[in-house]
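The report below begins with one chain as a whole and then turns to individual residues of the other.

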Amino acid sequence: MTVRLSEGAIESLTKGIEVSNPVLQCVNIRKIDGGNGLSRFRLMMSDGLHTMSSFMLSTQLNPMAEQNQLASNCVCMLKRNVTNVLKDGRRVVVILDMDVIKSADQMAGKIGDPTPYVEGQSKPQQNAAPAPTARPLQSQNGSDGSMNRPSAQSFGKKPMAAPNTPGGSSKVVPIASLNPYQSKWTVRARVTNKGAIRTWSNSRGDGKLFSMELVDESGEIRATGFNNEVDKFYSLIEQGKVYYISKGTLKIANKQFSSLKNDYEMTLNGETTISPCEDSHDVPMVQCDFVSIADLESREKDTIIDVIGVCKNTEDVTRIMTKNSREVSKRNIQLMDMSGRIIQLTMWGNDAETFDGSGQPILAIKGARLSDFGGRSLSTLYSSTVMINPDIPEAYKLRGWYDKEGHAMDGQSMTELRGPGGGGGNTNWKTLAEVKNEHLGHGDKADYFSCIATIVYIRKENCLYQACPSKDCNKKVVDQQNGMYRCEKCDKEFPDFKYRLMLSANIADFGDNQWVTCFQDSAETLLGQNSGYLGQLKDSNESAFDEVFQHANFNTFVFRNRVKLETYNDESRIKVTVVDAKPVDHREYSKRLIINIRKLAAQ
Amino acid sequence: MTGVYESPKPRINASMLAQYIGRSVCLVGRLEKVHPSGKALTLSDGEGKSASVELNEPLDEELSGIVEVIGMVSNKGAIMAVSYTQYREDKISFDLELYNEGLKVLHDFPQYYPFEVSLSG
C-alpha cells in the first residue's frame with residue numbers, strides 16, 4: 001500500500017514555515033547519550049523530495065524509539081513540533097508528538113529518491129557555502145567539545161550560547177521544548193509557586209537556595225536558584241506574575257523533590273536573565289490536572305493530585321502537638337465539587353491560620369496528598385499550591401453550579417468522620433471473631449481495629465510495676481533495697497517511684513473472646529481507679545484491691561486496638577494491645593447497627 | 001388486667017395501635033399533655049404521631065419528658081395503662097427518633113426477634 005509523504009514539508013520546516021501534521025518517512029535514527037543516563041534520539045526524516053537530519057525526538061517520546069516503534073523506513077505524522085534556531089542560523093525541529101502511520105516492516109524501503117536539503121537551495125546540492133560557516137563555528141566553540149562536522153546534514157551538541165546576544169532577540173519557546181542541549185532560549189512563564197529561601201550548612205560549606213514553579217501554555221517546570229542567584233532574583237520575583245526567563249541550565253529532574261510533569265528542571269545561573277512581562281493574559285495561571293472528588297476513591301493513597309472544589313464547610317483552626325513535640329496549626333475543610341461528593345481537606349501551618357472560608361470560596365489545590373484516613377481525605381504539603389477563588393474556567397464553572405444547585409445539596413462525604421470527641425484514626429469496626437478469621441495483624445505492619453466488647457476477666461497478679469517518677473519516663477526502676485530506686489534510662493536514683501499499670505485482660509463479644517494488654521491510661525479506664533491508689537490498696541487492703549477487679553467485670557467498652565503477629569524465638573503469637581478504651585456511645589452504636597442491618601437486608 | 005404481665009408486650013408506636021387492639025403493648029413517647037383530671041395523657045412518638053393514654057388513678061406526681069407506658073389497647077385505640085415509667089435524661093438525652101428506627105427494625109424482621117412466647121408454656 002502506498003502512502004503519500006508531505007512533499008515540500010522538509011523545505012518548509014527548514015525555512016521556519018509552519019506545516020500542519022506533515023507525513024514524513026524516517027530514514028535514520030541515531031541515539032545520543034546525554035548526561036545522567038538520559039538518551040536523546042536524532043532522526044533523519046524525508047518528505048520524498050528532501051531529507052533533513054536535524055530532527056530531535058522530545059524525551060517524552062523516547063519510548064517510541066526504545067521499543068522499536070520508530071525504525072528506518074517507518075512513516076510518521078508529526079502532530080506537534082517546535083523549531084529551534086541555533087546561533088549559526090540553522091534550524092532543529094524538536095518533535096513533541098508523533099504518530100507512526102506505517103511501521104518499518106510495512107514499508108518496502110525508502111519512498112522516492114530524496115536528497116539532503118540544504119538551506120537556501122531549492123534543489124538539494126552539497127554546497128560550499130555551509131562548510132565555511134561550520135568551521136568558524138568550530139573554532140569559536142572548540143572548547144565545549146561540540147561535534148560540529150563540515151557537512152551541513154549532521155550536527156552534534158548544539159553550541160553553548162556565547163553571552164553576546166541580548167536576551168530580547170531570542171524567540172520565546174515553550175517550556176515543554178526546553179532541554180539541556182540548547183541554552184539560548186527564552187520562556188515566558190508565570191511563577192505559580194515561589195518557595196521560601198532555605199539555607200544549609202554542611203561539611204562542604206553553607207549556602208542558600210530557593211525554588212519556584214513556572215508554567216506556560218505548553219507545560220510546567222521547576223526552577224532553582226542558589227547563593228548569588230538568590231540575592232539577584234528572590235526579591236524580584238512575585239508569585240502569580242509572568243516573567244521572561246532566559247539562559248538557565250537544564251538538567252534531569254530530581255523527581256523526589258518535585259511532582260511537576262517535566263523530565264527536566266532548571267537551575268538559574270550567572271547568565272540567567274529574568275525580566276517582568278507585561279502582556280500576560282494568555283499565560284495560564286497554573287497547570288492543573290484536576291481530579292473529580294468522586295474519582296478520588298479509585299486513586300491510590302499517598303498519590304499527589306490536584307483538586308478543586310467549593311468550601312462547603314470550614315472548621316476553626318486548631319493547634320496540635322506533633323510527634324517531635326512541635327506545635328502546628330491545622331484546619332479541616334469540607335470540599336465539594338460537581339460530582340456531589342465531599343472530601344475533607346486538612347490545611348497546615350500558615351495557610352491554615354490565614355484561611356478564610358466565609359462565603360464558601362472556591363479552593364483549588366495543586367499537589368495535595370490523597371490519604372486513606374477516614375476512607376479518603378486530602379492534606380496539603382509544604383510543596384502544595386493553595387489557590388482561593390482562582391481565575392480559571394473550572395472555578396467559574398464550580399461557582400455557577402454551586403450557586404444554582406450545589407448549595408442545596410447535602411453531598412456524600414468520602415471521609416468517615418467520627419463524632420465529636422472522636423477523630424483519631426480510621427474507624428475499622430470488627431467483631432472479635434472477625435479479627436481471628438481475617439488474620440488481622442499477620443501482615444508486615446500492625447493492624448488497627450475498633451470493637452465493642454465486655455470485660456470478662458482481668459488478671460490482678462503482676463498488674464502493677466514500679467516506674468521512674470520523672471515526668472515522661474515510664475521505665476521500670478530497680479529496687480536498690482536501701483530505700484532508693486534506680487532508673488537505668490535516666491541514669492539516676494530516686495527515693496520513690498510511681499506505680500504504673502499493665503493489665504492482662506480477657507474481653508469478649510457475642511462471637512469470641514480475646515486476651516489483650518492494657519497500659520496505664522486504658523487500664524485506669526477499665527478499672528475505674530488510678531494506679532497510685534491501686535498500688536496503695538494492694539499493699540494495705542487486699543480485699544478492697546480484689547473488689548476493684550471484681551467490680552470491673554462485665555463492663556462494656558469501645559476498644560481501639562492494635563494487633564500484630566509477633567515472633568519470639570521460634571514461636572509466633574498474635575498480640576493485641578488496647579490503644580484506647582471508651583464508654584459505649586449507645587446512640588452512635590445503635591445508628592451503626594441499624595445501618596448495617598438495613599444494608600444486609602438490601603443485599 | 002393481671003394478664004398484662006403474663007404475655008409479652010411488643011413495643012409499638014402510635015401508627016401500630018390499630019393493629020394491636022385488645023392486646024398488651026409497650027409504647028414509649030414524649031409527654032405532650034396531661035388531662036386536668038390527671039387520668040389521661042397524650043404522648044407523641046418518634047414519628048411525631050400522638051397516642052392517648054388512660055390511667056386507673058389520677059397522676060400523683062409531676063411527669064415530663066420521655067415516658068414508657070404498658071397497657072392494653074382499647075377499641076378506641078387508646079392505651080389503658082397498667083404501669084408507666086419515666087426515662088431518666090439527666091446523664092444523656094433519649095433519642096426518640098433513633099428508638100423509632102430500632103422499633104421499625106424489630107417489626108421488619110420478626111424472624112430475628114421472636115418475642116412471642118406460647119402461653120401454654
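In chain B, residues 24 or more positions apart account for 51% of the contacts (heavy atoms within 4.5 Å) with a separation of 6 or more. This is a predicted model, in which local features need pLDDT of at least 70 and side-chain atom pairs count only at pLDDT 80 or more, while totals for chains, interfaces and linings use all residues. Side-chain values use heavy atoms, with hydrogens and water left out.

Chain B contains one helix and six strands, running β-β-β-β-β-β-α from the N terminus on; helices (H or I, at least four residues) and strands (E, at least two) are DSSP runs numbered from the N terminus. Of its 121 residues, 38% count as buried, where buried means under 20% relative accessible area, exposed over 50% and partly exposed in between, with a 1.4 Å probe and protein chains only. Chain B exposes about 7,300 Å², of which carbon and sulfur atoms supply 52%, the areas coming from the Shrake-Rupley method with a 1.4 Å probe.

| Residue | Place in chain A | Relative accessible area |

The side chain of S177(A) reaches the backbone oxygen of P174(A) at 2.8 Å. Not counting residues up to four places away in sequence, S177(A) touches V82(A) and L96(A).

Conventions:
Residues are numbered from 1 along each chain as its sequence is written. Chains are lettered from A and ligands numbered from 1 in the order in which they are written. A polar contact is a pair of N or O atoms within 3.5 Å; within protein, one must be able to donate a hydrogen and the other to accept it, and residues adjacent in sequence count only if both atoms are side-chain atoms.
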